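Here are some notes for a colleague opening this model for the first time. Please read them with the structure on screen.

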Amino acid sequence: MESWLEFARGPLFRLSFAILILGLLRILFLDIWGAYKAYRKAGDKSMPWKLIFSRSMEWLFPVKRVAHNRPVYSIFSILFHIGLILVPIFLFAHVKLWKRSVGISWMTLPYNLAYWLTVSTIVFAIALIIGRIFNKSSSFISRKQDYLWPVLLIIPFITGFVCANLNVDPKSYQFFMLMHVLSGDLIFVLIPFTKIAHCVLMPLSQVVCTLAWKFPPNTDEDICTTLNKKGAPV
Amino acid sequence: MRTTVVTDEERKKAFKSLRKAEVVEKQKLDVRYHIEDFDVNDRPRRFLEAFAAILKHSNYKMALDHFIKMSAKCSRCAVTCQVYQATGDPKDIPCYRSELLLSVYRRHFTVGGLLKGRLLGSGYLTDEKIQEMAESFWNCTACRRCSLECPSGIDHGLITHLGRYILSEIGIAPRALVVSTREQLEGATQNTSAIPVPALKDTLEFLEDDMFEEKSVHIKFPIDVEETDYVFFPAVSDFLMEAESLMGIAAVFTATGDSWTTGTGYFDGINYGLFYSDRMLERIVKKVDEEARRLKGKNILIGECGHASRSAKYFMPTYCGGKDAPPVINIMEYTYKVWKEGRLKLKPDAISERVAYHDPCNIARQRWIINQPRELLKAFCKNYVEMTPSGENNICCGGGGGTVSIDEIRPYRTTVGGKLKADQIRKSGCEILVAPCANCKKQLRELVEDQGIDCQVVGLHDLIYKAIIFDDSLVTKKENEPEGKED
């Protein structure tokens, strides 16, 4: 078990972390490159930056649009995201690992806050799954990954919570820790290839939507040529 | 959180197809709008070819690539969609509708989709899927309200717009829109209402006489005047159906003395291309530009029409030279500006009825014109009330996205599409509903009639015409009018 654990948090972690970072950089680059190409092609290059900024902020810090549309779901989702983002990055034990391995560190969460954020992330993830199952419109449009993601995401939270807060025997501790690291590694690998890619693409959404309506000029002729419709009546 | 679901009886009425069974059989397409005959063979392949051609020559690929990675299926859009709120049918959820096209894109235009499809031998585009898209994309009013509620920023309106465009390239588009556009681009009259120039001139002369009778002011509709400040393009149907809006606009120009004109070379602001084909959108925008340049006008002025305003404002720079394109303004912007400058006087309390303002989606959704008409109305309406939600978050009239011009789906528009709007109008208790858009006006009139709401639907300038105060120097004393007590 110990050698498995060493492997999971050593080479496997480094590999999955590299996939995460390179994968996210790749999709981020492709998104920005696509937007840049669209901008170059657009006939109208004016961009309503103020509107784009204001709408982007509305969603990056979603307070304004919560109350009138699925308020319970929306608040649960926000609270879930807060723990999901803060705990893995700012947990004292995680920062200590970074310090030990690469020599860098940053601020950490107080123990009590980390404790409650972990609990809330687990609770709200379960609530979101239940909401998805029982809400008629949600369940109708949901794919498998929409149910599986919250389940996968709370595994490292549950196992991490057990290791950090419960007195378990060393063997069980090692098991939970192995599960913690393996599930974390799996999440890292999957993020760039699934909907969780929104963690880096979301700030670009409003720019992309605005640019999508900025059509290139003179496409009528090009499309007619490609589709062999030149001179065809309307 | 659904609030309004239509009854089974209403649903039956709304979704009843008026198309003959033999036509449906011949066209192999069961939709409620009429379609001109088209090649029914090999539709999936031709759909994919059209899709590929459009992707090659447009900016949609970038957006689709972004959307397929972002969609979280949270279903917040369901709460804002007035069609889903009315039908309660999950197939009307905007995210579901978008997925129809996104899944085709994912399967046929991404490496992952192609590999998966080849390995599993599944997911090919089928006639059934084309049928579903042809139905679903025209159930949507393209109001884009859902796009405001998507945390992932997915613009479902854009996807519907693209879906309709691709379908139109294989011949699937409402006949009403195609026939009108054909007349506008290739017909003798060059406008969607088929109004010949002599008839236009007669109408305007008649309106001028009418206005002189009413106001004793020579209010003119200048025709083919060169080098004016504004070249005017209303929704051409206004010349037939919205005389009072046009009279109000002419009255404002008479009061301010600014120069404007209507061109007889081309005078139609309507652009159905926005609803079904970017190629037509481009052709029509270029015609507007051509006429404005012929008349050497400084600005393009669009009348009371949401989609005409949006197509000109947002696509004139696209197709006609970017920054060098002629500036486009909507008539409400002009009227507001001259009123603020003190060049337009309005009689306070000219309208005593309870008045509410309806925001056309194409004008308000992008926060373009929201407060100006409200300020104007409050200046001369004693009893102005606000409908909630409004402005950027307004509820569509139910006839958006070109659906209002498809007469055969009127029961759908007034039972399903406009259900939420009807509830909102009822709740406001307004006696006069101001809708500065030719499409909204037509839909709202049909809506209040079919839903039995006692409310008059008018344009903003219809009311301005009633409230306008002319300078004494403009008022002509009539010949038989006694001039004081001379005798």
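**Notes on a buried aspartate and two helices**

1. The model is predicted. A place to begin is Asp268(B), which sits in the loop between β2 (260-261) and α16 (273-276) of chain B. Asp268(B) has 26 other C-beta atoms within 10 Å; the cut-off for a buried residue is 20 or more, so Asp268(B) is buried.

2. What does Asp268(B) touch, leaving aside its neighbours within four places in sequence? Its contacts are Gln184(B), Asn191(B), Thr192(B), Phe233(B) and Val236(B). As for Phe239(B), 29 residues away along the chain, its C-alpha atom is separated from that of Asp268(B) by 9.9 Å.

3. In chain A, helix α1 (residues 2-9) and helix α2 (residues 11-41) have axes that come within 3 Å and cross at roughly 25°. Angles under 35 degrees count as roughly parallel, and α1(A) and α2(A) are therefore roughly parallel to each other.

4. The contact between these helices involves Phe7(A), Ala8(A) and Arg9(A) from α1(A), which meet Pro11(A), Leu12(A) and Phe13(A) from α2(A). By type, the residues of this contact are five nonpolar, no polar and one charged.

5. The length of α2(A) can be checked. Its 31 residues, at 1.5 Å a residue, should span 45 Å, and the end C-alpha atoms are 44 Å apart, so the two agree.

6. Which residues of α2(A) are buried? They are Ser16(A), Asp31(A), Gly34(A), Ala35(A) and Ala38(A). These buried residues pack against α9 (170-190), α10 (198-201) and α11 (205-212) of chain A, and also against α4 (60-70) of chain B.

Definitions and conventions:
Residues are numbered from 1 along each chain as its sequence is written. Chains are lettered from A and ligands numbered from 1 in the order in which they are written. This is a predicted model: local features need pLDDT of at least 70, side-chain atom pairs count only at pLDDT 80 or more; totals for chains, interfaces and linings use all residues. Axes are lines fitted to C-alpha atoms, for helices over the stretch in contact, and angles run from 0 to 180 degrees between N-to-C directions. Helices (H or I, at least four residues) and strands (E, at least two) are DSSP runs, numbered from the N terminus. Angles under 35 degrees count as roughly parallel, over 145 as roughly antiparallel, 65 to 115 as roughly perpendicular and the rest as oblique. Two residues are in contact if their C-beta atoms, placed from the backbone, lie within 7 Å. Ala, Val, Leu, Ile, Met, Phe, Trp, Tyr, Cys and Pro count as nonpolar, Asp, Glu, Lys and Arg as charged, and the others, Gly among them, as polar. A residue is buried if 20 or more other C-beta atoms lie within 10 Å of its own, exposed if 12 or fewer, and partly exposed in between; C-beta atoms are placed from the backbone. The expected span of a helix is 1.5 Å times one less than its number of residues.
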